Amino acid sequence: MDFELTSEQREIQELTREFAASEITPCASEWDRERLFPQEVFAKLASLGLMGVCVPEDVGGAGSDFLSYILVLEELSRADAGVGVTLAVHTSACTLPLLAFGTPEQVERYVPPLARGEALGAFALTEAGAGSDAGAIVSHGSESPAGWHLSGAKQWITNGSFADTFILFARTEPDVAGSRGISAFVVDADHVTVTREEHKLGLNSSSTVDLVFDTDVPANRLLGTRGQGFRIAMATLDGGRIGIGAQAVGIAQAAFDVACAYARERRAFGKAIGEFQAIQHKLATMATEIEAARLLVYRAAWLKQSGKPHTMEGAQAKLFASEVARRQTAEAIQVLGGYGYTKEAPVERYFRDAKVTEIYEGTSEIQRLVIARALLGQIGRDV
Ligand code: CAA
């Protein structure tokens, strides 16, 4: 067992940390307050090769491994979780499923612009009546003279207002109940219409939209085989959940950093509050839980890049890391006291941003379901 990062992984981590410290952290509060999507940041990430860090070089990526990508997500989310989720959805939920399930023609057409950051990706699965129950989608796909006619509406679509490429799921077999009647498509942005930008509790620098579509796409936009869509979605989320775990670790680490610095400086009863056992115990628990979450996330990433089963381990990593992030961002506010509850300190943003990691890419309740089914042998792992 080797817990050391490779020199390449450390370099990518350091590069991202320095970039985040200079280009993201100073602006994150403003982006949150003004609900600004920082488009220019993604152009800069592209120039560093970070929009396709784990994508092979021959299709436009940086050719690093999945753990390197996870380190990038952690560092970006430490600075701004909205930037983190934008990259997470772009990479894990759009570029990687295209690589895994696309035809050579689809890979050649779509992956290089995504990996180079010239295009932004999105993943359109969720609908008003299909959140946790993803197999209940009713968006419709039928064969048409042009290829496929796709019609329906989607909700909570991350990157929706800025994406160029969508992986979109529709029911193509109306007579087949549940998950087996769903197919996946790769669709250009001009085939969908954004109807509403969501007003969220946190992650205000990311875009989350409702969209509708009633459009014809060529036959060669079917991703994978007809009826395989749900399994493509699940396999995609297996990896995506590791990325959300990394996002949660990054947010929690940011909260810890602020709490620790404050504990050294803030004085009460004649000494720094970090000299009181009440605060020391909080910091000790925070650091221990964050490190445990990080190890679960890194292990799940290693399993994925080693080609090993990771459905359960990714769900465990996301479940634990997201609950740590929610708990420990609240503890950071507690360490800062009244100051932590104000907009003057960044910890209230971390607290708001952390909450969603328990919800998207599968709620904590769904992660427990996935874990329990795997433990009980009730679900195929990495089918
Ligand atoms: N990999 C591949 N295939 C899988 C799989 C996996 N991990 N898990 C299940 N499958 C396959 C099953 O083998 C089965 O295949 P067959 O039909 O061939 O037998 C099929 O999928 C159906 O499986 P289930 O019966 O287990 O399906 P279910 O209806 O009980 O649902 C669920 C399972 C885990 C609850 C699933 O619906 C789920 O994950 N729900 C949560 C949805 C979710 O995470 N949404 C996130 C939206 S995207 C997002 O949030 C991005 C963002 O913005 C940040």
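Student: In this model, is Phe 269 buried or exposed?

Tutor: The model is a predicted one. A residue counts as exposed when its relative accessible area is over 50%. Phe 269 has a relative accessibility of 80%, so Phe 269 counts as exposed.

Student: What is said about the phi of Phe 269?

Tutor: Start with the general idea. Most residues other than glycine have a negative phi. Phe 269 is not a glycine, yet its phi is positive, about 50°.

Student: Which phi does Arg 35 have?

Tutor: Arg 35 has a positive phi of about 55°, and it is not a glycine either. Arg 35 lies in the loop between α1 and α2. With a relative accessible area of 37%, Arg 35 is partly exposed.

Student: Let us turn to rings. How many aromatic pairs does a search of the whole structure find?

Tutor: The search finds seven aromatic pairs. One of them joins Phe 37 and Phe 162, with 3.9 Å from centre to centre and 10° between the planes. Planes under 30 degrees apart count as stacked, and the pair of Phe 37 and Phe 162 is stacked.

Student: Which parts of the chain does that pair link?

Tutor: The pair links distant parts of the chain. Phe 37 is in the loop between α1 (7-34) and α2 (39-47), while Phe 162 is in the loop between β3 (147-158) and β4 (165-171). The two residues are 125 residues apart. Phe 37 is buried, with a relative accessible area of 14%, whereas Phe 162 is partly exposed at 27% relative accessibility.

Student: How do the rings of Phe 269 and Phe 276 pair?

Tutor: Their planes make an angle of 85°, and their centres are 6.1 Å apart. An angle over 60 degrees counts as edge-to-face, and that is the class of the pair of Phe 269 and Phe 276. Phe 276 is partly exposed, at 24% relative accessibility.

Student: Which residues do ring pairs link into a cluster?

Tutor: Phe 37, Phe 42 and Phe 162 are linked into a cluster by ring pairs.

Student: What sits over the ring of Phe 66?

Tutor: A ring can also have a charge over it. Here the charged end of Lys 304 sits over the ring of Phe 66, at 5.2 Å from the ring centre.

Student: How many disulfides are there?

Tutor: The count is zero. The test is whether two cysteine sulfur atoms lie within 2.5 Å. For Cys 94, the closest cysteine sulfur is in Cys 54, 13 Å away, so the two are too far apart for a bond. Cys 94 is buried, at 0% relative accessibility. Cys 27 is partly exposed, with a relative accessible area of 25%.

Student: How many residues surround the ligand?

Tutor: The ligand is surrounded by 26 residues, and the closest are Ser 132, Thr 158, Arg 180, Glu 361 and Arg 373. To read such a site, look at distances between polar atoms. An N or O atom in the side chain of Thr 158 is 2.5 Å from a ligand oxygen. For the side chain of Arg 180, the distance from an N or O atom to a ligand oxygen is 2.6 Å. A polar side-chain atom of Arg 373 lies 2.8 Å from an oxygen atom of the ligand.

Student: How much of the ligand's accessible area does the protein cover?

Tutor: On its own, the ligand has 1100 Å² of accessible area, and the protein covers 83% of this.

Student: Where is Thr 311, and what does its side chain contact?

Tutor: Thr 311 is in helix α8 (residues 311-336). At 6% relative accessibility, Thr 311 is buried. Its side chain makes a polar contact of 2.9 Å with the side chain of Asp 238.

Student: How do distances in sequence and in space read for Pro 112 and Gly 52?

Tutor: Compare the two numbers. Pro 112 and Gly 52 are 60 residues apart in sequence, and their C-alpha atoms are 8.8 Å apart in space. Pro 112 belongs to helix α5 (residues 104-115) and is buried, with a relative accessible area of 12%.

Student: How far apart are Arg 241 and Glu 265?

Tutor: Along the chain they are 24 residues apart, and 37 Å separates their C-alpha atoms. Arg 241 is in helix α6 (residues 229-265), and at 6% relative accessibility Arg 241 counts as buried.

Methods
Residues are numbered from 1 along each chain as its sequence is written. This is a predicted model: local features need pLDDT of at least 70, side-chain atom pairs count only at pLDDT 80 or more; totals for chains, interfaces and linings use all residues. Side-chain values use heavy atoms; hydrogens and water are left out. Rings of Phe, Tyr and Trp (its six-membered ring) pair if their centres lie within 6.5 Å; planes under 30 degrees apart count as stacked, over 60 as edge-to-face and the rest as tilted. Helices (H or I, at least four residues) and strands (E, at least two) are DSSP runs, numbered from the N terminus. Buried means under 20% relative accessible area, exposed over 50%, partly exposed in between (1.4 Å probe, protein chains only). A charge sits over a ring if NZ of Lys or CZ of Arg is within 6 Å of the ring centre and within 35 degrees of the ring normal. A residue is near a molecule or strand if one of its heavy atoms lies within 4 Å of it. A polar contact is a pair of N or O atoms within 3.5 Å; within protein, one must be able to donate a hydrogen and the other to accept it, and residues adjacent in sequence count only if both atoms are side-chain atoms. Accessible areas come from the Shrake-Rupley method with a 1.4 Å probe; for residues, only the protein chains shown count as cover.
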